[in-house]
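Here is a friendly walk through a two-part question: how do the pieces of this model sit together, and what do a few of its elements look like up close? Have the coordinates open as you read.

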Amino acid sequence: MIAYSEKMREIAKKLLKEKAVDLVIGFKKGTLPMMTEPVMIKEPEETGQLCWSSFCSMNLANYLPKRKEKIGIIAKGCDSRNIAVHIVENQIQRDQLYIIGVPCTGMVDRRKIQSLVAGKELREVVESDEELYIKGKDFEQTVKKIDYLQDNCITCMHKNPVIYDEMVGEMVGERKDPDPYDDVKESEAMGSDERWEFFSNLLKDCIRCYACRNACPLCYCPTCFVDESDPQWVGKSIDPTDTMSFHILRAFHCAGRCTDCGACQQACPMDINMRLLTRRLNKDALELYGCEAGLSIEERPPLDTYRPDDYDKFIR
Amino acid sequence: MSEKIISREDLERFIKALQQDYEVYAPVKEGVSHSFQPLKDGETVDLNFCNTRLSPKSLLFPQSERMFEFNLDETSEEAHILKEAPKEFHPSVIFGIRPCDAKAVRLINVNFDNPEFKDPWWVKRMDSMAFIGLGCNEPSSTCFCTSVGGGPFHEEGLDVLLFDLGDLYFAKALTDKGERLLEQGGVRKDADADTKKRADALKQEAEDKINSHVPTDKLKDKEVLELFDAPFWDEVAFPCINCGTCTFVCPTCWCFDIQDEVQKTQGDRIRNWDSCMFPLFTLHASGHNPRSDKVQRVRQRFMHKLKYYVDKYGDGVACVGCGRCVNSCPVNIDIREVFKLMNEL
């Protein structure tokens, strides 16, 4: 991790000095343990702020759409896939980007660490290659990072960036043939009433802050359907019907485009795992179209393209 | 005002006695966090928390509130007539509210109950509500109440303040309402000098434990435009994803939007929390948006709390230092850093 941080500072400094890019987007150390803050660096002498840790869970591709500058961007596997999605969807041009790839060993879920200490306040978290040392008022403990990874990192099969211009380290081993959809199968196996209750319960704490939507690189519409006021498609109260409409429609809008980066779940202040909705659609995209989002900058997402050999008659 | 003692075992009895006359809202543990819930029979209060995830402001200012109902049936004599939605205002107690959250209620009060405007539902809820505060023995590292006019045992906005002394609670009545609460709750035992001394020491100890401090002294004398045009806003706003988390978890954010929702001929006029982080917040009917860019919205949130409010009310900043936005912001925008930037400009 420390080696990654140093390497990315070095690359960023060089890029800015040589004016190969106008700015570099990365992470800087947060003001709280287990937090980082996305940062935009414009001067070579400010590159020392850049850092890497197991808490860089936000997806930096989110900061790209519609930018005009030449940009250096730090990208772990999922960020790089969302950059690819942006390129395919014309949100940014490939030649505008210098992608500084990070081979990712998975992000640690800070909420899992928090529940480990049962609501006590963590005052210090120090990371080493495989472990986290956590300390609070009257406790200290060392845990293995691998036991507390974000759920999406556990099932991730693309830890290494799929597109990059330079890497900050050696590629890491990819997980082979796991069955990443155990959680989805659980809700699929439910009867419709039970499933309705399950999802209603999942979303019951939603406060409609839209952190999930706004943390998502896919959600770049100039005006989101929930923000349309003329006509207004969705009610703005916390009525369960409206909350459910928001989440389900948002998930559908991500179908075949979502990389399961987990930013939505990490951003949620209410700990809602709305990934259960997007993952169901990712599974469909994989099973129906053999598609995993963001693996190529050549291929359009399955739901905005057409093939003459489509197996459904109605579209031929 | 009376100063009493409640033994640890008697706390449950005190709450039960209050439940005879009041709806009692208290911190209840749900998953890893706490929230204020109406206490059901047999449910236990969990006071082992620092701050609840959401502030209790929604008990006085609900996230969605049905204000009026109307009917659009042209054949009816009542077509197009707004009628106040029926509401009940039970005598209620918020038990275990933190001093910062109680101060925040007083702060919101200037918006909903002032000589110019009186929001009828806010006023009625405030009249029927009593506040039993619980001082903070262990402030968190993101608490900075002492920098913004509060403290772990601050009394503003409370009717009773409880000090957890380990073996017992020291209960300090702060208003006539508070006196009545202690009486109705069967709290009779007067505090002795030693208990009072221990409470004072606890308060001092808790204040000393606060290690997060923000500067506010120069905000008042700064030129509004100088702050408005400050060079740091782009940098502050860059990571912001423009969600409403900070405003929704904030105990002092009071902005709302009014919407009509209609089904066939029946309609409701609803007031929902709104957020200055949302583009729709300032969108004009013409299509023009005076705060079309993220940086303008981020600036607005901080300028409102740390400058406009300061200038308009002369009562300090519109922040009680609870640290919720610091903890909940998905991209770690830390208001304490913005305090420094604005104050030191």
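The C-alpha centres of the two domains of chain A are 25 Å apart. This is a predicted model, and the domains in question are domain 1 (2–109 + 149–315) and domain 2 (110–148) of chain A. Where they meet, nine residues of domain 1 of chain A are in contact with 13 residues of domain 2 of chain A. On the side of domain 1 of chain A that touches domain 2 of chain A, five residues are nonpolar, two are polar and two are charged.

Chain B is also divided in two, into domain 1 (3–209) and domain 2 (224–344). Here the contact involves 34 residues of domain 1 of chain B and 27 residues of domain 2 of chain B. Strand 4 (64–71) and helix 2 (99–112) of chain B each give at least two residues to the side of domain 1 of chain B that touches domain 2 of chain B. That side is made up of 16 nonpolar, eleven polar and seven charged residues.

The table puts the domain pairs next to each other.

| Domain pair | Distance between C-alpha centres |
|---|---|
| Domain 1 of chain A and domain 2 of chain A | 25 Å |
| Domain 1 of chain B and domain 2 of chain B | 25 Å |

Now to the contact between the chains. How many residues of chain A are in contact with chain B? There are 32 residues of chain A, and they meet 31 residues of chain B. Strand 2 (36–41), helix 3 (110–116), helix 7 (211–215) and helix 9 (263–267) of chain A each bring at least two residues to the side of chain A that touches chain B. Strand 2 of chain A gives the most, with five residues. By type, the side of chain A that touches chain B has 14 nonpolar, twelve polar and six charged residues.

Taken as a whole, chain A has ten helices and eight strands. Its radius of gyration is 20 Å, close to the 20 Å that the globule rule gives for 316 residues, so chain A is as compact as a globular protein of that length. Along the principal axes, the C-alpha atoms of chain A fill a box of roughly 55 × 50 × 45 Å. Buried residues make up 42% of the 316 residues in chain A. Among contacts in chain A with a separation of 6 or more, 66% join residues 24 or more positions apart.

With 16 residues, helix 1 of chain A reaches 23 Å from its first C-alpha to its last, close to the 22 Å expected at 1.5 Å a residue. Its buried residues are Y4(A), M8(A), R9(A), I11(A), A12(A), L15(A) and L16(A). An α-helix has 3.6 residues a turn, so residues three or four places apart point the same way. The cover over the buried residues of helix 1 of chain A includes strand 1 (23–29), strand 2, strand 3 (71–75), strand 4 (97–101) and strand 8 (166–167) of chain A. After helix 1 of chain A comes K19(A), with a positive phi near 55 degrees.

In chain B, turn to helix 9 (residues 294–313). Its 20 residues should span 28 Å at 1.5 Å a residue, and the end C-alpha atoms are 27 Å apart, which agrees. Even so, helix 9 of chain B has a kink of about 55 degrees, centred on H304(B). Buried residues of helix 9 of chain B include R297(B), F302(B), L306(B) and V310(B). Helix 6 (224–228), helix 7 (233–237), helix 8 (245–249) and helix 11 (335–344) of chain B are among the elements that cover the buried residues of helix 9 of chain B. Just after helix 9 of chain B, G314(B) has a positive phi of about 55 degrees.

D230(A) sits in the loop between helix 7 and helix 8 (240–253) of chain A. Is D230(A) buried or exposed? D230(A) is exposed, because it has 6 other C-beta atoms within 10 Å. D230(A) and D95(A) are 135 residues apart in sequence, and their C-alpha atoms are 38 Å apart in space.

L165(B) belongs to the loop between strand 8 (160–164) and strand 9 (168–173) of chain B. With 17 other C-beta atoms within 10 Å, L165(B) is partly exposed. Its C-alpha atom is 9.8 Å from that of S7(B), 158 residues away along the chain. Beyond its neighbours within four places in sequence, L165(B) is in contact with F170(B), T195(B), R198(B), A199(B) and L202(B).

Notes
Residues are numbered from 1 along each chain as its sequence is written. Chains are lettered from A and ligands numbered from 1 in the order in which they are written. This is a predicted model: local features need pLDDT of at least 70, side-chain atom pairs count only at pLDDT 80 or more; totals for chains, interfaces and linings use all residues. Domain bounds come from an automatic or database domain assignment. Two residues are in contact if their C-beta atoms, placed from the backbone, lie within 7 Å. Ala, Val, Leu, Ile, Met, Phe, Trp, Tyr, Cys and Pro count as nonpolar, Asp, Glu, Lys and Arg as charged, and the others, Gly among them, as polar. Helices (H or I, at least four residues) and strands (E, at least two) are DSSP runs, numbered from the N terminus. The expected span of a helix is 1.5 Å times one less than its number of residues. The bend at a residue is the angle between axes fitted to the seven residues ending there and the seven starting there. A residue is buried if 20 or more other C-beta atoms lie within 10 Å of its own, exposed if 12 or fewer, and partly exposed in between; C-beta atoms are placed from the backbone. The radius of gyration is taken over C-alpha atoms; the globule rule is 2.2 Å times the number of residues to the power 0.38.
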